Each structure stands twice: as C-alpha cells, then as structure tokens.
Amino acid sequence: MDQDVDDLDSPWEGAILYQRNPSISHLEYCTTLERLGLGQLSTEVSKSRASLMGLRVTKSVKDFPHGTPVLISMDVTRTKQNLKLDGIIRTVITLGCNRCGGPAADCVFSNFSLVLTEEPIEEPEIINMGVIYGQSEQGDDDDESVDLDDWLYFPPEEKSIDISKNIRDMVHLEIKINAICDPMCKGLCLNCGQNLNNSSCNCSQQGSNLKSYGPLGGLKEKLQQ
C-alpha cells in the first residue's frame, strides 16, 4: 500500500513545515493521519479514542478537518551549525485486533529527534559503534547520537524545510501485530471461527460430549468382534 502512495507524488509533502526563526524555541503542529498519507490507519475507532484523549483537529488543518488528529510538540535548540528538533508525536491509529481481527485503537506517544544541518550530509566511511549506542564523544553535543536517517540538509538560504515524511515514518513504526481491541476480548472460536464477543457457539459443548481415549479409543469394540 505504501508503494502505491509513493507513486502519487508523496501526498504527505507540505503537511508539516519547519519555518526558520531563531527567536522561537518551541512549536506546536497539528495534522491528520490522512494528510500524512496514512488514511488506512484512520477509522471512526481511532477518531473516537482520540476525542476521548482530548486530541482535536485544529482549524489550521484545511484538507482533512474530520480526520484522525496527529499533534506534534517540538523544542528547537541550536548546536554549532545545526538545529536540533526534539519532539513528541501524539495520535491514535487503528490496527487489527490480534484476538478477534476487529478494529483496535492503539495510542501513539512517540519521542523523536531530528537534526537540520547547514552542511551537505555524507555517509561516513567508518561507523563509530559508540556513537550508535548513544556514547557521543562530544560531551554535551549529542547530535551524533541521532540516527543518520534523521539528519536533514537545511541550507542557510532556505527559510523552511518539510519534515512531513520523517513524522509519517515515525508513526508508521508504531504499527504492531499484538494490538487488542479490549483487554476482555474473547477472540474467535478456533473451531468454527465465530466471534465470541458477539455470540457464543456450541463447539465447546459438543466437544465435551465426545469422549476420546486416543489410540485406545476403539479397543473395547475391537475385542468384542
């Protein structure tokens, strides 16, 4: 499905733009799953759960005012020639319940860090394993602890940069296979496939009436022949 989205000229482009402004150190953004190209994760289930959590789509979102809200809070700090964006993503995505297969609302509360650098980004020839595990050699400067995929080239002459794809990818990473719609979900009957949350089946009763003694089950009848 993502391949199909990529062929549509990246519909998430422009969803979240960082505007260069040295006087601002904190920013709040609002967009929707639909605007980020993740409409398949947005249903009435996710919208309802987001509303209960107090997440709302602001009036600034013109394209999908009735979508599932994605709220981003971000602090901006300058380190040398770089800008460091540290933020939190809050939203709700709809996944398939691991027990019954129905829609399951999964809350997303994810931290992220991006580095905007004025120098062109080059792949290092030697990877420092200490840096990968967060043991930066530069003391208070922890830019090097940020994954290379989260470094973006931001030339000084540019006034804004699109970080929509990075936010989208971070939400996408929250997709998991063990989501459940409710802690008390009864799941499906392994025999007939009936959703036990909606109604019961007779499989367990029928199974209890059938006595089985394994390979010796028919021994009595065979001895009487």
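Reply: Happy to! A residue is called buried here when its relative accessible area is under 20%, exposed when over 50%, and partly exposed in between. By that definition, buried residues make up 36% of the 225 residues in this protein, which is a predicted model.

Some background on the fold comes next. The protein has six helices and seven strands, and along the sequence these follow the pattern α-β-β-α-β-β-β-α-β-β-α-α-α. Among contacts with a separation of 6 or more, 65% are between residues 24 or more positions apart. The accessible surface of the protein is about 14500 Å², and carbon and sulfur atoms hold 51% of that area.

Now to the patch you asked about. Ile121, Leu148 and Tyr153 together make a nonpolar surface patch of about 240 Å². One of these residues, Leu148, sits in the loop between helix 3 (129-132) and strand 6 (151-153). Leu148 counts as partly exposed because its relative accessible area is 32%, a value between the 20% and 50% limits.

Gln40 and Thr94 are 54 residues apart in sequence, while their C-alpha atoms are 8.1 Å apart in space.

Key:
Residues are numbered from 1 along each chain as its sequence is written. This is a predicted model: local features need pLDDT of at least 70, side-chain atom pairs count only at pLDDT 80 or more; totals for chains, interfaces and linings use all residues. Side-chain values use heavy atoms; hydrogens and water are left out. Helices (H or I, at least four residues) and strands (E, at least two) are DSSP runs, numbered from the N terminus. Buried means under 20% relative accessible area, exposed over 50%, partly exposed in between (1.4 Å probe, protein chains only). Contact means heavy atoms within 4.5 Å. Accessible areas come from the Shrake-Rupley method with a 1.4 Å probe; for residues, only the protein chains shown count as cover. Patches are made of residues with over 30% relative accessible area and no salt bridge: like charges are joined within 9 Å, nonpolar side chains (Val, Leu, Ile, Met, Phe, Trp, Tyr) within 5 Å. A salt bridge is a side-chain nitrogen of Lys or Arg within 4 Å of a carboxyl oxygen of Asp or Glu.
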